[in-house]
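My notes follow in the order I made them.

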Amino acid sequence: MKSWRFHGTGQPLTLEEVPDPHAGPGEVVVDVKSAGLCHSDVGALDDPQWMKSFPRIPMTFGHENAGVISEVGPGTEDWKVGDRVGLAPVMPDGDAIGYGAWDGGYGPKIRATKANLVRLPDELSFELGAMATDAGITSYHAMVTVGGLKKGMRVGVIGLGGLGYIGARVAVLKGAEVYAADISPSSRELAAEIGLAGVAESIIEFADKDLPLIVDYAGFGTTTAQAMETLGKSGTLVQVGLGRLQATVNTQALIFKQLRIFGSLSGTQQDLAELYELMRSGALNPPINRIAPHEIPEGLDRLRKGGVVGRIVAAYDS
């Protein structure tokens, strides 16, 4: 089969012939139907600090995947050929599909483990199923599991891209009053669709809201600093975005307001299952930019340039 292979920072992805994967004990093979494109892949292509996440190269990118099981190995009796699945990317040993030792979905087949698999409801498209496996569970985990979202809470969201849109919409659907910031005018136009109480270019414009929780899905350094300036006393910042790998923050605000800062990475099978249930109602339907697999490098370049609304997803039936 042909897959888009990563050879290291500063080098373009290359389309190469690789052996088809086969299922070992506790494993399955999934025929990829949709694979989401993530800005962290752009980071790996452009920033050498990402190389520590890749102990083996070349490898196949693509950590947001949904598809159909086509092969089942020993010890996977709960699964059968033909099952529709989303693949939670993080595994118990800290490895992940599309990182480390496990090739991802920028190729037509994936080897996965039982720890990855979540049943994809028939009501959901493979595109939605794929974007939920990273953009979805990362957003959900940060907002709900780590952030401790409660009904009636006032919440700040920074960034309304693939992750932030979902995080903000999840918060609205769970009864929060949500204020969001994004530098993109087109993203701010989504305010009514998401159900935001307010939207601005900078989260600082909501400093008078005494926000107890802000989730930064952008992570461009300045956004992290602005979140800390905006939070109310004893507030919580959940940091998700990695637009930049460093930030300079006001430690006086951190100490005097007794703030808490949590990092949040990916999510769990349980997060993904809960998110799929939320999506089944149709109330959470993030925008999708559908491309063909041969357009993956161009799609990543679109992410690099910025301004993409929603998630770019490669569909293997294109």
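**Entry 1**

I began with the contacts of Thr-60. Leaving out residues up to four places away in sequence, I found that Thr-60 touches Ser-3, Trp-4, Arg-5, Gly-98, Asp-103, Gly-104, Tyr-106 and Gly-107. This is a predicted model, so I treat every value here as computed from it.

Is Thr-60 buried or exposed? Thr-60 has a relative accessible area of 2%. The cut-off for buried is under 20%, so Thr-60 counts as buried.

I then checked one of the contacts, Gly-98. Gly-98 lies 38 residues from Thr-60 along the chain, yet their C-alpha atoms are separated by 6.3 Å.

Next I placed Thr-60 in the fold. Thr-60 sits in strand 4. Arg-5, one of the residues that Thr-60 touches, has Thr-60 as its bridge partner. Two bridges pair strand 1 (residues 2–6) with strand 4 in the antiparallel sense.

Which strands make up this sheet, and in what order? I read an open sheet of three strands, ordered 2-1-4, with antiparallel pairing. Strand 2 (14–17) and strand 4 (59–60) are the edge strands, and each pairs on one side only.

**Entry 1: Helix 1**

I moved on to helix 1 and asked how much of it is covered. Six of the eight residues of helix 1 are buried, so I noted it as mostly covered. The buried ones are Ser-40, Asp-41, Val-42, Gly-43, Ala-44 and Leu-45.

What covers the buried residues of helix 1? The cover includes strand 1 and helix 9. Strand 1 is the strand that pairs with strand 4, which links this entry to the last one.

I looked at the helix 9 side in detail. The axes of helix 1 (residues 39–46) and helix 9 (residues 296–305) come within 9 Å and cross at roughly 90°. That makes helix 1 roughly perpendicular to helix 9. From helix 1, His-39, Asp-41, Val-42, Leu-45 and Asp-46 take part in the contact. From helix 9, Leu-300, Leu-303 and Arg-304 meet them.

Strand 9 (residues 154–158) pairs with strand 12 in the parallel sense over four bridges. Ile-158 has Asp-216 in strand 12 as its bridge partner.

Val-215 stands opposite Val-238 in strand 13. Strand 13 is joined by four bridges to strand 14 (residues 260–263), again running parallel. Here Val-238 stands opposite Phe-262.

Which way do the residues of strand 13 (residues 236–239) point? Thr-236 and Val-238 point one way, Leu-237 and Gln-239 the other, and all are buried.

Strand 12, helix 6 (residues 222–230) and strand 13 make a right-handed β-α-β unit. Strand 13, helix 7 (residues 251–256) and strand 14 make a right-handed β-α-β unit as well.

**Entry 2: Helix 2**

I finished with helix 2. Where does helix 2 (residues 126–146) bend? The bend is at Ala-132 and comes to about 55°. Just after helix 2, Gly-148 takes a positive phi of about 70°.

One of its neighbours is helix 8 (residues 269–280). The two helices pack at an angle of about 105°, with their axes 9 Å apart. That makes helix 2 roughly perpendicular to helix 8.

I listed the contact residues. Helix 2 brings Leu-128, Gly-129, Ala-132, Thr-133, Gly-136, Ile-137, Tyr-140, His-141 and Thr-145. Helix 8 brings Asp-271, Leu-272, Glu-274, Leu-275, Tyr-276 and Met-279. Ala-132 is on this list, and Ala-132 is also where helix 2 bends.

Technical notes
Residues numbered from 1 in each chain as written. Predicted model: local features only at pLDDT ≥ 70, side-chain atom pairs only at ≥ 80, totals over all residues. Heavy atoms only, no water. Bend = angle between axes of the 7 residues up to and from the residue. Buried < 20%, exposed > 50% of the residue type's maximum accessible area, 1.4 Å probe, protein only. Pairing = 2+ DSSP bridges. Right-handed = clockwise from strand over helix to strand, strands pointing away. Axes fitted to C-alpha atoms, helices over the stretch in contact; angles between N-to-C directions. Parallel < 35°, antiparallel > 145°, perpendicular 65-115°, else oblique. Contact = heavy atoms within 4.5 Å.
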